[in-house]
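I opened this model to look up its helices, its aromatic rings and its pocket, one entry at a time. The entries below follow the order in which I looked.

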Amino acid sequence: IRRFLRDRQSFAQLVGAKHADSISPFTFRLAQFITTIFMLVFISAGLIYNAEHMVNPDFSNFFATAYFVLVTLTTVGFGDLHPVTAAGRAVVCLTILLGVALVPIELSKLLE
């Protein structure tokens, strides 16, 4: 999907628009922003789930892990779930760093 979000022409083909000019730059940037956030959440959730589900019963399914990633990325941090393995903690740290880096970059592109 990210491949179709390289330029407005590719995105127009993905959504079935006749011309790339029929898609506003804001709509294109919004689609890029949403895709980036979803990719970060789902890839991180998959990695954390793989690292934690065998030893931590709190991460019993992918959706519980996706909830944890969303709560972590929004800096709410309820504390109801937490990783116990070194790999899980490393993925969480990497996810936080990527979230802190990617969200402002994508938002700045959106607001241009």
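I began with the accessibility classes: buried means under 20% relative accessible area, exposed means over 50%, and partly exposed is in between, with a 1.4 Å probe and the protein chains only. By that scale I found N61 partly exposed, with a relative accessible area of 34%. The model is predicted, and I kept to pLDDT of at least 70 for local features and to 80 or more for side-chain atom pairs, while totals for chains, interfaces and linings use all residues. Residues are numbered from 1 along each chain as its sequence is written, and side-chain values use heavy atoms, with hydrogens and water left out.

**Entry: the loop between α2 and α3**

I took helices as DSSP runs (H or I, at least four residues) and strands likewise (E, at least two), numbered from the N terminus. N61 has its place in the loop between α2 and α3. I also looked up the separation of N61 from I43, which is 18 residues away along the chain, and found 14 Å between their C-alpha atoms.

**Entry: helix α2**

For the expected span of a helix I used 1.5 Å times one less than its number of residues. The 28 residues of α2 should therefore span 40 Å, and the end C-alpha atoms of α2 are 40 Å apart, which agrees. The buried residues of α2 include F28, A31, Q32, F33, L40, V41, S44 and I48, and E52 is also among them. I counted a contact where heavy atoms lie within 4.5 Å, and what covers the buried residues of α2 includes α1 (8-15), α3 and α4.

**Entry: helix α4**

The 25 residues of α4 should span 36 Å at 1.5 Å a residue, and I noted 35 Å between the end C-alpha atoms, which agrees. The buried residues of α4 are G88, V91, V92, T95, G99, E106 and L110, and they pack against α2 and α3. Leaving aside neighbours within four places in sequence, T95 is in contact with S44, V69 and L73.

**Entry: aromatic rings**

I paired rings of Phe, Tyr and Trp (its six-membered ring) if their centres lie within 6.5 Å, and called planes under 30 degrees apart stacked, over 60 edge-to-face and the rest tilted. How many aromatic pairs does a search of the whole structure find? It finds five. The rings of F38 and F42 have their centres 6.0 Å apart and their planes at 15 degrees, so I noted that pair as stacked. F38 and F42 are four residues apart in helix α2 and so are separated by about one helical turn. F38 counts as partly exposed at 48% relative accessibility, and F42 is partly exposed as well, with a relative accessible area of 40%. The rings of F62 and F63 have centres 5.8 Å apart and planes at 80 degrees, so that pair is edge-to-face. F62 is partly exposed, with a relative accessible area of 26%, whereas F63 counts as exposed at 65%. I recorded F38, F42, F62 and F63 as one aromatic cluster.

**Entry: the loop between α3 and α4**

F78 lies in the loop between α3 and α4 and is exposed, with a relative accessible area of 56%. Leaving aside neighbours within four places in sequence, F78 is in contact with Y67 and V71. The C-alpha atoms of F78 and F68, 10 residues apart along the chain, are separated by 8.9 Å. T75 is found in the loop between α3 and α4 and counts as exposed at 70% relative accessibility. Its phi is near 60 degrees, a positive value in a residue other than glycine. Most residues other than glycine have a negative phi.

**Entry: the largest pocket**

I used a 1 Å grid over the protein atoms alone, on which a pocket is an open set of points where a 1.4 Å probe fits, with protein on both sides within 12 Å along at least five of seven lines, and lining residues have an atom within 4 Å of a point. The lining residues of the largest pocket include I37, V41, L70, T75, I96, G99 and V103. The elements giving two or more residues to this lining are α2 (25-52), α3 (62-73) and α4 (86-110), and the largest share, four residues, comes from α4.
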